[in-house]
Amino acid sequence: ETGAKLKLIQQTVSLKDQKAIFDHVALQDEDDKKMDLNGKVDFATMPNYSYDFDIETDEFKLINAKTGQSELFKGVGYVGADLQLSGKNLDFRLTGDIDVKDKTDLTLLLSDESDAVSDMESVVKFVDFDAPKTIKTETKKEVLSFANAVNINVDVPAKATLKILMDPITGDLMSVNGSGKLNVGFDNTGDLFILGRYDIETGKYELTYQAIKKAFAINPSSKSHIVWSGDAMSALLDITAEFNAGKKALSTYPFEKGSNNDRLKSSKLIVPIRVDLRVMGVLSSPDIKFELVANAADLADFKTAVEEEGFRTIADNGTKSTNDDEFRRYQSTINANAIMLLVGGGFNAAQIGENITNYENLARQKVSDLISTQLDKYASGLIKGIDLDLGLQSGYNTTNDFRNTNLNLGVSKKLANDRIS
């Protein structure tokens, strides 16, 4: 449901030679903008009927969805259109071009990953009546086809705003402006498909974790983009958002012990640090990671030493370093310290370095999960012998269709070498 209100006021449809003639019938939106329908419906072979229409508008409010009206989106959508609709009975074809207007402001809603019902596959169950309790289950395999009834070219301008609610629990929201030429329609299973690339010019990622709110900027230099190749929720993301954390003393960072550590500790170097939020992978379950970034000019002779510890550096021409091997080697440390920089405003080498032991599962699907995991590890080391657990948990109950969110604080004291807790 798009939520848009459509009006048909004092329009005439004439009947002639077993045809219903629509001679430039005007359909109006709630702002009284008009969409022109010109064509006919042929009833000569009843009970069968056929139809052929041209549909044109310079600007029309096609979407005005409030929260809860649609599972896919909310917001307003204005379009210009030059479409052709033809068919027989319920078999139809809609083709043509749509240009999205600058006033468009849509939010794409991602389903909660805990909603197991939406992820279930369609199955066919076969029952053996000689042994009714035996049920065989087979998954139906269908080959998708994009040769379908609805196939429209969509031109998205830079001034139109697309928002993606990345986490419905915490409210993480990505707002972007960009441009792209997309092909939109429905495949042979009736599911929406999108083909094409959307290049992001500007935007922001608003990160929310409990009382913490940070806005990461998406700049043209990041060359961020979204590529669709079918399923709307399976789009591939490559997005970089930036947060300037201010000047920090590198001597407080827990560099790995060695020659670099000694040099950096004694340098007393204070440089501007940027935290980059990388959003990669599939739209419905993206891979999230952080990067720590510094300007190469600020680091001077320490540039190579810092890169060897997994930091990214930015050259004078804006190019980011490609020290991928070092970044992967120290990714867990980078993630942990980026989070503490966002949460606490600085590095705490003693406490963070002491508690980083295992970060294989640190990269979560949502930024809030990433932060929660690190804070658990950080909090547990604050008081020796005391375990603190900070957790934001969300769940979905398939029985009563209820969602729940709990913020938990757990405290436990370990005694007698873990024999008493």
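Biologist: Where is Gly246 found?
Modeller: Gly246 sits in strand S16, which covers residues 236-249. Keep in mind that this is a predicted model.

Biologist: Okay, and which residues does Gly246 touch?
Modeller: Leaving out residues up to four places away in sequence, Gly246 touches Val271, Pro272 and Ile273. There's also Leu341, 95 residues apart from Gly246 in sequence and 9.9 Å apart in space, C-alpha to C-alpha.

Biologist: What about salt bridges, how many does a search of the whole structure find?
Modeller: The search finds 20. One of them pairs Glu30 with Lys61, at 3.3 Å from N to O. Those two are 31 residues apart, with Glu30 in the loop between strands S2 and S3 and Lys61 in strand S4.

Biologist: Is Lys61 buried or exposed?
Modeller: Lys61 is buried, because its relative accessible area is 7%. Glu30 is partly exposed, at 30%.

Biologist: Which residue does Glu59 form a salt bridge with?
Modeller: That's Lys103, with the closest N and O atoms 2.9 Å apart. Glu59 lies in strand S4 and Lys103 in the loop between strands S6 and S7, so the pair ties together parts that are 44 residues apart in sequence. Both count as partly exposed, Glu59 at 22% relative accessibility and Lys103 at 47%.

Biologist: Which residues are linked in a network of salt bridges?
Modeller: The network links Asp238, Glu242, Arg274, Asp276, Arg278, Glu291, Arg312, Lys320 and Asp324.

Biologist: Now the surface. Which residues form the negative patch?
Modeller: Asp52, Asp54, Glu56, Asp58, Asp82 and Asp97. Strand S4, residues 50-65, gives the most to the patch, with four residues. Asp54 lies in that strand and is partly exposed at 36% relative accessibility.

Biologist: Last one: where does Thr170 lie?
Modeller: Thr170 is in the loop between strand S11 (161-167) and strand S12 (172-186). It counts as buried because its relative accessibility is 15%, and buried means under 20%. Thr170 and Leu207 are 8.5 Å apart in space, C-alpha to C-alpha, and 37 residues apart in sequence.

Key. Residues numbered from 1 in each chain as written. Predicted model: local features only at pLDDT ≥ 70, side-chain atom pairs only at ≥ 80, totals over all residues. Heavy atoms only, no water. Patch = residues over 30% accessible without salt bridge, like charges linked within 9 Å, V, L, I, M, F, W, Y side chains within 5 Å. Areas by Shrake-Rupley, 256 points an atom, 1.4 Å probe, with all protein chains shown as cover. Salt bridge = Lys/Arg side-chain N within 4 Å of Asp/Glu carboxyl O. Lys, Arg positive; Asp, Glu negative; His and termini not counted. Charge placed at Lys NZ, Arg CZ, Asp CG, Glu CD. Buried < 20%, exposed > 50% of the residue type's maximum accessible area, 1.4 Å probe, protein only. Contact = heavy atoms within 4.5 Å.
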